[in-house]
Amino acid sequence: MKTTHFVGLLSFALALTAPTLHAQTYPNKPIKAVVPFAAGSATDQIGRAFAQKMSESLGQPIVVENKAGVNGMLGADLVAKSAPDGYTLLVGTNSTNAALKSLMKKLPYDQDTAFAPIAYLGSVPLVVAVNNDVPVKNLKELVALAKSKPNQLTYASASTSQRVSTEVLSHMAGIEMTYVPYKSGPAAMTDLIGGQVNLFTADFAVMLPQIKAGKIRGLAVTSTQRSKAIPELPTVNEALGFKDYELIAYFAMFAPAGTPPDVIAKLNKAANAAANDKDVQERFAALGFETAPASPEALAQRSKAETAKWAKAIRDAKIEAE
């Protein structure tokens, strides 16, 4: 056999086996998980809990890095442009992987093709709450107050789910409030408690401690069913007689597009094991968090459906792309 022919065959064989060899040795160094929101947020808390449990399964540490900004876009962009080798992951949400496409005139990456789905982690409802000085006891009274004072009530938002859930509620109720953007949920909560803004719709991680401490007043939850974590609060549908209001926050893990399927499979197995872990479930039960282990293909389908759902919600609420 000619040397050149042999070398060619050897190169071809190595090219075929390289992905398999990579998957067999993966992971052999620490993995970075990018959380595209601030430390202390629900995404951060859930991402860190999953990272710790996944580290135990994979035998390598998963180091969480917060990269907050522009409704999660900065962190998502970092991952989208990272090497597709399984060592940079995104703890994504309905913001980064569903709604941003409709909220931004132009993204620095293609939301539909930039990521390889790994695993769905779970979801949480949001809570609609007001500052204690707002003279209302329930959501119906808030709507009446807002109708009597168009654009005088202010609402905080630090993420897509927070903004869209409030805007859709306003649209369906026929009220107008003034939007006040924040860089993080904790910062928005500080101003809600202090009275700098009147209303805030956010996840249980941010809301429940303050509601239970009496620092703010919870009015309703944004899911279709009452939450076991705070069963005294009605759903928005119950409170206002709606039938189809539902906007919840969800969390999922993604890798850059092109990440080897065998690597995705290993990460999916580790993420699903974490989702089934009793410690994780019990830790976040009080936050209304519900896990839903599934395949990467199931996450791909869910992302597609959620993108369409949020696009409609944003369109119906007449939120203009920025």
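Ile-193 is placed in helix α7, which spans residues 185–194; helices here are DSSP runs of H or I with at least four residues, strands are runs of E with at least two, and both are numbered from the N terminus. The structure is a predicted model, in which local features need pLDDT of at least 70 and side-chain atom pairs count only at pLDDT 80 or more, whereas totals for chains, interfaces and linings use all residues. Residues are numbered from 1 along each chain as its sequence is written, and side-chain values use heavy atoms, with hydrogens and water left out.

With a relative accessible area of 31%, Ile-193 is partly exposed, a class that lies between buried (under 20% relative accessible area) and exposed (over 50%), as computed with a 1.4 Å probe on protein chains only. When residues up to four places away in sequence are not counted, Ile-193 touches Asn-131, Gln-210, Lys-215 and Ile-216, contact being defined as heavy atoms within 4.5 Å. A separation of 9.4 Å is found between the C-alpha atoms of Ile-193 and Asp-133, which stand 60 residues apart along the chain.

Two packed helices are described by the angle between their axes and the distance between the axes. In the case of α7 and helix α8 (residues 204–212), the axes are 10 Å apart and the packing angle is about 25°; axes are lines fitted to C-alpha atoms, for helices over the stretch in contact, and angles run from 0 to 180 degrees between N-to-C directions. Helix α7 is therefore roughly parallel to α8, given that angles under 35 degrees count as roughly parallel, those over 145 as roughly antiparallel, those from 65 to 115 as roughly perpendicular and the rest as oblique. Helix α7 contributes Gly-185, Met-189 and Ile-193 to the contact, and α8 contributes Val-206, Met-207 and Gln-210. By class, the residues of this contact of α7 with α8 comprise four nonpolar, two polar and no charged, where Ala, Val, Leu, Ile, Met, Phe, Trp, Tyr, Cys and Pro count as nonpolar, Asp, Glu, Lys and Arg as charged, and the others, Gly among them, as polar.

A further helix pair is formed by α2 (residues 42–58) and α10 (residues 261–275), whose axes come within 8 Å and cross at roughly 125°. Helices α2 and α10 are therefore oblique to each other, and their crossing is right-handed. On the α2 side the residues are Phe-50, Lys-53, Met-54, Ser-57 and Leu-58, which meet Lys-266, Leu-267, Ala-270, Ala-271, Ala-273, Ala-274 and Ala-275 of α10. The contact of α2 with α10 has nine nonpolar, one polar and two charged residues.

Salt bridges, in which a side-chain nitrogen of Lys or Arg lies within 4 Å of a carboxyl oxygen of Asp or Glu, come to a count of 10. One of them joins the side chains of Asp-44 and Arg-48, with an N to O distance of 2.9 Å; both residues lie in helix α2, four residues apart, about one turn of the helix. Asp-44 is buried, at a relative accessible area of 5%, whereas Arg-48, at 36%, is partly exposed. Lys-53 forms a salt bridge with Asp-277, the closest N and O atoms being 3.6 Å apart. This pair links distant parts of the chain, 224 residues apart, with Lys-53 in helix α2 and Asp-277 in the loop between α10 and α11 (278–285). Lys-53 is buried, with a relative accessible area of 16%, and Asp-277 counts as partly exposed at 22%. The side chains of Lys-53 and Asp-279 also meet in a salt bridge, at 3.4 Å from N to O, and this pair likewise links distant parts of the chain, Asp-279 lying in helix α11, 226 residues from Lys-53.

Most residues other than glycine have a negative phi, and most peptide bonds are trans. The peptide bond from Tyr-26 to Pro-27 is cis, with omega near -10°, and Pro-27 is found in the loop between α1 (3–25) and β1 (31–35). Asn-71, in the loop between β2 (62–66) and α3 (73–80), has a positive phi near 55°.

Technical notes. Left-handed = near helix turned anticlockwise from the far one by under 90°.
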